[in-house]
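Dear colleague,

I am passing this structure on to you, and below it you will find my notes on what was found. Please read them with the model open beside you.

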Amino acid sequence: MNHRELWKEIFGDTDKYIDYYFKEKAKRSKIYSRYENDELVSMAFFTPYEMIYRGEICSCPYIVGVATREESRGRGHMRTNIEQGLAEFGEAGARLAFLSPADERIYRPLGFLPVYYHGQIEVYGHKKKWYEVVPLSQMDKENIKEMEKFSCDLLTASDLDFYMYHSTEYLSQLHKEMKALEGEVVALWDGRKIRGMAAYTREEDDYEVTEVICDPKDGRKVMESLCAYLDEEETKKVTILDGYFLGEVSGGGIRIRQSEKPYIMAKPLNMKEEVTGLHVYINDIT
């Protein structure tokens with residue numbers, strides 16, 4: 001069994017997504033593995049991302065693909081993989097490591113603490129097209145650069161301590177990931193002025209918006225424009241997994257759910273750092 005086969009066995013993702021992941025992202029990761037009788041039984045991927053941490057660009061590992069075959073669990077393989085990765089990245093100068101936990105109880109003993117929770121919005125109706133929605137694949141380099149500036153300016157102005165650096169390269173990679181999940185990265189335009197960016201996935205007829213960045217005063221119009229773009233049927237539901245930048249949206253056909261499960265947990269990798277009280281915004285998929 002190789003890493004791709006173990007990923008498929010444990011996570012059950014589509015072949016299209018797994019092909020994308022191992023072609024585009026796994027090659028950027030440091031993979032920690034454990035074997036029994038020369039057979040792969042456990043793995044963890046440490047993928048470095050350009051992050052903004054307390055106003056500075058730095059590289060921090062995002063831990064994904066943490067998996068152990070069922071018959072080999074309880075033998076310390078996961079802990080060994082993660083502790084080895086944390087030690088190596090800490091020695092290399094990374095300041096924090098972070099992950100999106102399936103169960104926070106698994107990672108608390110390793111020193112990870114919750115730093116970010118999703119506020120999910122389910123939207124029925126509200127389909128007025130205030131802004132034009134354009135996929136990244138249809139934009140020229142100048143417009144993509146404008147989307148980078150728009151996203152980075154809003155993130156910077158939001159007094160955040162820790163977030164993904166939304167560079168042109170990051171947005172382009174994110175678009176490839178969304179395409180592998182039957183979605184896109186899009187920008188919302190009001191004439192020549194950008195009003196928002198968003199990323200979404202699609203599974204059969206269900207849409208999930210994984211990220212929206214906009215000025216909260218434009219939040220209602222951005223939300224309605226996205227819903228109109230994704231599905232014109234009034235009865236269809238669009239799920240916005242994170243409404244951080246949408247502001248106070250409410251009314252008929254809108255249901256807001258605050259997740260009790262942390263979306264992101266983080267751990268400091270040196271004695272100078274502290275994650276308690278960090279103001280965080282992270283919405284990457286893997």
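**Salt bridges and one tyrosine**

There are 24 salt bridges in the structure by the rule used here, in which a side-chain nitrogen of Lys or Arg lies within 4 Å of a carboxyl oxygen of Asp or Glu. This is a predicted model, in which local features need pLDDT of at least 70 and side-chain atom pairs count only at pLDDT 80 or more, while totals for chains, interfaces and linings use all residues. Residues are numbered from 1 along each chain as its sequence is written, and side-chain values use heavy atoms, with hydrogens and water left out.

One of the salt bridges joins E36 and R75, at 2.8 Å from N to O. Because E36 lies in strand β1 (residues 30-36) and R75 in the loop between β3 (56-68) and α3 (77-91), this pair ties together parts that are 39 residues apart in sequence; helices (H or I, at least four residues) and strands (E, at least two) are DSSP runs, numbered from the N terminus. A salt bridge also forms between R108 and E104, whose closest N and O atoms are 2.9 Å apart, and a network of salt bridges links D190, R195, K217 and D218.

Y165 sits in the loop between β8 (162-164) and α6 (168-180). With a relative accessible area of 22%, Y165 is partly exposed, that is, between buried (under 20%) and exposed (over 50%), using a 1.4 Å probe and protein chains only. Leaving aside residues up to four places away in sequence, Y165 touches residues including E50, M51 and Y170, where contact means heavy atoms within 4.5 Å.
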